[in-house]
Amino acid sequence: MTYDDCGALFRRQAYVGGTWIDADDGQTVTVTNPANGEVIGTVPALGAAEVERAIQSARDGFRLWRDKTASQRAEALRRWHGLILDHRAVLARILTTEQGKPLAEAEAEVDATASFFLWFAEEARRVYGDIVPAPRQGQRILVTKEPVGVCAAITPWNFPLSMIARKAAPAVAAGCSIIIKPAEATPFSALALAVLAEKAGIPAGVFNVVTGPARVVGGTLMDSPVVRKVTFTGSTPIGKLLMRQAADTVKRVSMELGGNAPLIVFEDADLDRAVTGIMQSKFRNAGQTCICSNRIFVQDGIYDAVVEKLVRAIEALRIGNGLEEGVTMGPMIDPRAVADVDKLVQDAVTAGASVAKGGKRHPQGDSFYEPTLLTDVTPSMSVASEEIFGPVAPIIRFSTEEEVIELANDTPFGLASYFYTQDLARAWRVSGALEYGMVGLNEVAISVVEAPFGGFKESGVGREGSRHGIDEYVEIKYVNMGGL
Ligand code: ADP
């Protein structure tokens, strides 16, 4: 990918206070294409001083932005939404080149990204307060909602655009300013979004993108008393670290962390629909999503039939560079991710699991792993207790509903869960019993802007999307008027 391919959207500088900057010392981070290891370009490795300047710019941006009317903010978000769709093809190309997912998935991510800007453009105008009956004569109680202030967003590489949209759109809608720290592997998508923010007329300082090493950039954001809120999507260990760091300045936090999603197939399920669901929820983005099914529980009587259908479905996948026509599964993010997944598979095999398909590195390149199906998996194996984050489907046998509910909930995580059944009473029972923030019943496409996305337990704090998403970016103020 070159400047010529992607034009003005492919930027190699950070975006701070409405200007494009390099690191003071000229240091850079190199970004490579996971499909072939080629260098795509470099971005600035910013230091604490530049990040501090970004925080000051965001403070100035916030002061200006909070005083705009809700409809002025909505209008800017709508323009941003339109520009994202106008540049769909180029954004998808940048995304696939740095992240690896097939182009069709990247295009779907661009659409999802745009949908957050439109949704929160609409929600910006509905940040209502209350007038509450007062306890005394001559008194009035007014409740209003105000923007939290300067926000910091630390985002992952698996959805380089939409994880930013889920945070930036409600923040900007509420009247906050925001500083994005994208993952080191995927900064170009974030910078492309900044180009479009500028074009959409988002004022200087309201939306900023700072690139560079996580510890320096993240640490400066976390230490600053000016930053009033941190929103993070990523692993549970880093989420816990950020929560600890946030404690020193009592920042508001919202966290979308790891998952260990169960997907349960009962004997009364529509098996073809279940198999399609398993394939989508497991192999999308090469298994690198926090809501990927991680433990697939299949009831005794249909176990062999489901395994057989899955083997055939996996054989139909086409592995390769996501930019190539017809490819349905791209590389993983880097060779280290491949090594981690391979270790989980080898440990499972040592502990007694069987490889029904795949089970090894893919000859396409260092970052590729074969789509893998493991049978005879037991809940105690590390492949079932840890988040896999790769294209490996472990199948666990179960016999009763009671048993599988117990197994499904036996994890510190509580993000997504799925089950397949045609029995109405079971549908109600099981969706009530699953200790998860999200339940897909005969459905795996659960991540939609209209619904609240988030987890129970160690999977996170707060919700993104839906009418609740903007609550994370407002403070409640109450005014008590007496002597009236
Ligand atoms: P993943 O496993 O998806 O890479 P991580 O939690 O490691 O998830 O990373 C998600 C985001 O958190 C990335 O933007 C990464 O740069 C950032 N990050 C990682 N370590 C730190 C840290 N110590 N401080 C701040 N941000 C960090």
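Reply: The largest pocket holds about 1,300 Å³ of space (an open set of points on a 1 Å grid over the protein atoms alone where a 1.4 Å probe fits, with protein on both sides within 12 Å along at least five of seven lines; the volume is that of probe spheres set on the points, joined across faces, edges and corners). The model is predicted, so local features need pLDDT of at least 70 and side-chain atom pairs 80 or more, while totals for chains, interfaces and linings use all residues. Numbering starts from 1 along each chain, and side-chain values use heavy atoms, without hydrogens or water.

Two or more lining residues come from each of helix 8 (214–223), strand 10, helix 9 (236–247) and helix 12 (335–350) (DSSP runs, H or I of at least four residues, E of at least two, numbered from the N terminus). Helix 9 contributes the most, six residues.

Strand 10 (residues 227–233) leads on to strand 7: the two are parallel and share five bridges (DSSP must find at least two for a pair). Across this pairing, V230 of strand 10 faces A152. A152 also has a partner in strand 8, namely I179. Strand 8 (residues 177–181) likewise runs parallel to strand 7, again with five bridges.

Strand 7 (residues 150–154) is largely enclosed by the rest of the structure because five of its five residues are buried (under 20% relative accessible area, 1.4 Å probe, protein chains only; over 50% is exposed, in between partly exposed). V150, A152 and I154 point one way, C151 and A153 the other.

Technical notes
1 Å grid on protein atoms, 1.4 Å probe; cavity = no way out; pocket = protein on both sides within 12 Å on 5 of 7 lines; lining within 4 Å.
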